[in-house]
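Subject: Structure for you to look at

Dear colleague,

I am passing on the structure we spoke about, with my notes on what was found in it below. Please read them with the sequence and the model open beside you.

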Amino acid sequence: MKTLDELILPDDLRYTRDHEWARIEGDLVRVGITDYAQDQLGDVVYVELPEPGQTLGRGEEFGTVESVKAVSELYLPVGGEIVEVNAGLSDAPQLVNESPYDRGWMVLVRPSDPAEIEGLLDAEAYREHLEGIA
Amino acid sequence: MTARVGTTGLVFEEPLIWERSRSGRTGFSMPRRDVPEAPLPPGLEGEAPDLPELTEVDVVRHFTRLSQWNVSVDTTTYPLGSCTMKYNPRLHEAVVALEGLRTAHPLLPPALAQGPLRILWETERFLAEITGMDAVSLQPAAGAQGELTGILVIRAFLARRGERRTKILVPDTAHGTNPASAALCGLRPVPVASGPGGVLEPAAVEAVMDEDVAGIMVTNPNTLGLFEENLKEVAEIVHEKGGLVYCDGANLNALMGVVRMGDLGVDAMHLNLHKTFSAPHGGGGPGSGPLCVRAPLEPFLPVPRIVERPDGSLDLDHDRPLSVGRVHAFYGNFGVIVRAWAYIRSMGAEGLRRASELAVLNANYVKERLKDVLHLPYDRPCLHECVFTDRNQIPRKVTALDIAKRLIDYGYHPPTIYFPLVVRGALMIEPTETESKADLDGFIEALRAIAAEAEAEPQLLHDAPVQAKRRRLDEAAAARSPCLTG
């Protein structure tokens with residue numbers, strides 16, 4: 001398992017205390033789980049994602065991720081409509097481990113209230129959060 | 001360092017059973033036909049399933065060889081936390097094999113099945129006495145089905161009162177099946193965080209309890225192996241708002257003859273006969289998860305109910321209009337219930353209490369003797385199991401999984417790992433009462449040796465197991481692309 005300094009936490013992302021990341025892409029927000037989350041979970045074997053078109057609130061469960069260790073809920077960093085999900089994860093859930101911030105993304109959201117993203121942690125605050133729970 | 005109990009020897013290789021198959025082989029002879037030949041009804045025709053063709057000796061050798069690769073409670077200490085892998089006395093097998101029990105057909109009319117019915121009836125009475133509850137249904141086939149039945153019963157009870165509550169409280173130290181069972185009944189689980197001491201705080205329950213909450217599901221002892229010492233107070237808070245208290249009694253092995261959940265305000269609970277009451281388990285069953293309830297819930301229990309007629313004979317009563325219905329064919333997994341009955345009868349009240357006391361003593365002994373080498377997140381007296389973590393070993397990149405795999409090389413079954421979820425990198429050890437001090441000392445010395453290896457030579461743990469028939473299995477690949485047939 002990675003130590004804190006081995007974790008990759010890109011500066012251009014925002015984070016939740018539940019270890020999801022959010023990236024602003026124009027009007028949309030892309031969501032996945034952090035390097036810390038995938039490392040703690042271990043080998044991911046299944047990702048359950050919502051149907052596109054659904055609207056969920058901030059902090060609502062949008063799916064689950066199952067690893068050899070456990071099944072964990074996924075919580076939406078910003079409320080909004082799910083416009084797309086990463087269909088590639090059904091055949092290759094290992095992308096969440098191999099590429100958590102890129103090919104392992106999970107959902108693309110059209111935020112109902114774009115201001116919600118301001119309530120998320122930046123990389124530095126998230127790292128401090130991790131230090132607190134280490 | 002102590003001598004390892006694992007050793008070398010001749011271990012047979014064995015192919016998949018489909019690879020043993022030879023066309024035309026068969027394991028039994030059909031009796032001579034004594035009825036006229038009749039064609040299959042059209043709807044039943046179709047492709048035959050892909051089953052291997054084998055003789056009896058093929059089958060016996062196949063499974064005997066596989067069993068020799070196995071680590072079981074008949075070969076070694078099996079401290080699989082949360083599973084209560086106690087030894088299963090052979091006496092129970094003799095009882096369940098008695099002809100009158102073994103050959104009794106479930107469709108026998110009650111008048112011809114008084115013996116089996118008496119065993120079921122007595123088992124219900126014993127379990128009611130042990131739990132302090134009023135009525136018991138032996139139908140549920142395992143713990144999770146007991147929970148499901150319990151929540152169905154609670155929901156039916158509330159519906160009868162004209163209420164349709166939508167939520168259920170589930171502490172984070174409950175078994176993971178609890179929220180799933182409640183959700184299956186259409187209730188939304190509301191998580192409740194345990195306090196810093198690892199048990200439920202009344203204030204946390206008070207904060208989320210309202211008139212839309214059907215009840216709370218408490219695992220006691222909880223998944224940290226701790227007694228929910230505030231349960232009585234929690235039950236009062238829940239009852240005050242009209243909710244009911246469900247107790248997951250899967251961990252009762254710590255408390256037989258010591259605490260009766262009925263005295264703590266519990267309204268319904270299930271037990272696991274295949275754990276606490278020493279029926280064999282593993283390999284997926286069969287299990288038995290009887291549901292015990294207080295009198296107001298009895299009319300809602302599954303049908304049929306066993307009833308005693310005025311002449312002292314036993315009968316099956318199907319006329320229960322408020323019942324949630326059947327949850328299992330006939331009357332549950334009879335063979336498992338008979339073994340539990342034999343266990344209770346042979347142990348007696350004193351023996352059951354002693355078993356619980358020794359289960360608790362053994363877990364505390366392991367906890368105290370290992371806490372200087374393995375990180376102990378809750379350093380307080382535990383009940384039947386103790387939870388360590390891999391925190392001391394993580395700096396050497398050694399995880400709970402590596403420690404568990406290395407234990408196999410020392411000849412022990414690994415503990416439960418990565419559960420409970422509230423503890424990161426958990427190693428959950430439940431020795432049970434059937435391990436002697438000498439057995440426990442061997443297990444403790446093995447874990448101490450492994451902790452030393454983790455410091456000096458972590459690669460030994462990463463490579464483990466090396467003594468077993470199979471090396472480290474690729475669990476991720478097995479889960480991602482399972483191959484379930486030949």
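Is B:Cys483 buried or exposed? With a relative accessibility of 65%, B:Cys483 counts as exposed. Please keep in mind throughout that this is a predicted model, and that the values below are computed from it.

Cysteines

B:Cys83, by comparison, counts as partly exposed, because its relative accessibility is 24%. The cysteine sulfur closest to that of B:Cys83 belongs to B:Cys386, but the two are 14 Å apart, which is too far for a bond, given that a disulfide requires the sulfur atoms to lie within 2.5 Å. Over all chains, the count by this rule comes to 0 disulfides.

The sheet in chain A

Chain A has an open sheet of 3 strands, in the order E4-E6-E7, with antiparallel pairing. Its edge strands are E4 (44–48) and E7 (71–75) of chain A, each of which pairs on one side only, and neighbouring strands of this sheet are turned against each other by 25 degrees on average, direction ignored. Strand E4 of chain A is joined by 4 bridges to strand E6 of chain A (residues 61–67), the two running antiparallel.

The domains of chain B

For chain B, the domain assignment gives domain 1 (1–27 + 58–64), domain 2 (91–346) and domain 3 (354–477). Between domain 2 and domain 3 of chain B, the C-alpha centres lie 31 Å apart, and the contact between these domains takes 22 residues from domain 2 and 18 residues from domain 3. About 1500 Å² is buried between domain 2 and domain 3 of chain B, with carbon and sulfur atoms giving 59% of that area. On the domain 2 side, the residues that lose the most area to domain 3 of chain B are B:Thr223, B:Leu224 and B:Asn253, which together account for 34% of what that side buries.

Where the chains meet

The contact between the chains takes 17 residues from chain A and 12 residues from chain B. Together, chain A and chain B bury about 1100 Å² between them, and 55% of it is on carbon and sulfur atoms. Which three residues supply more of the area that chain A buries against chain B than any other three? They are A:Met1, A:Val45 and A:Lys69, which supply 46% of that area.

With best wishes

Technical notes:
Residues are numbered from 1 along each chain as its sequence is written. Chains are lettered from A and ligands numbered from 1 in the order in which they are written. This is a predicted model: local features need pLDDT of at least 70, side-chain atom pairs count only at pLDDT 80 or more; totals for chains, interfaces and linings use all residues. Side-chain values use heavy atoms; hydrogens and water are left out. Buried means under 20% relative accessible area, exposed over 50%, partly exposed in between (1.4 Å probe, protein chains only). Two strands pair if DSSP finds at least two bridges between them. Axes are lines fitted to C-alpha atoms, for helices over the stretch in contact, and angles run from 0 to 180 degrees between N-to-C directions. Domain bounds come from an automatic or database domain assignment. Contact means heavy atoms within 4.5 Å. Buried area is the accessible area (1.4 Å probe) that two parts lose on being put together, summed over both.
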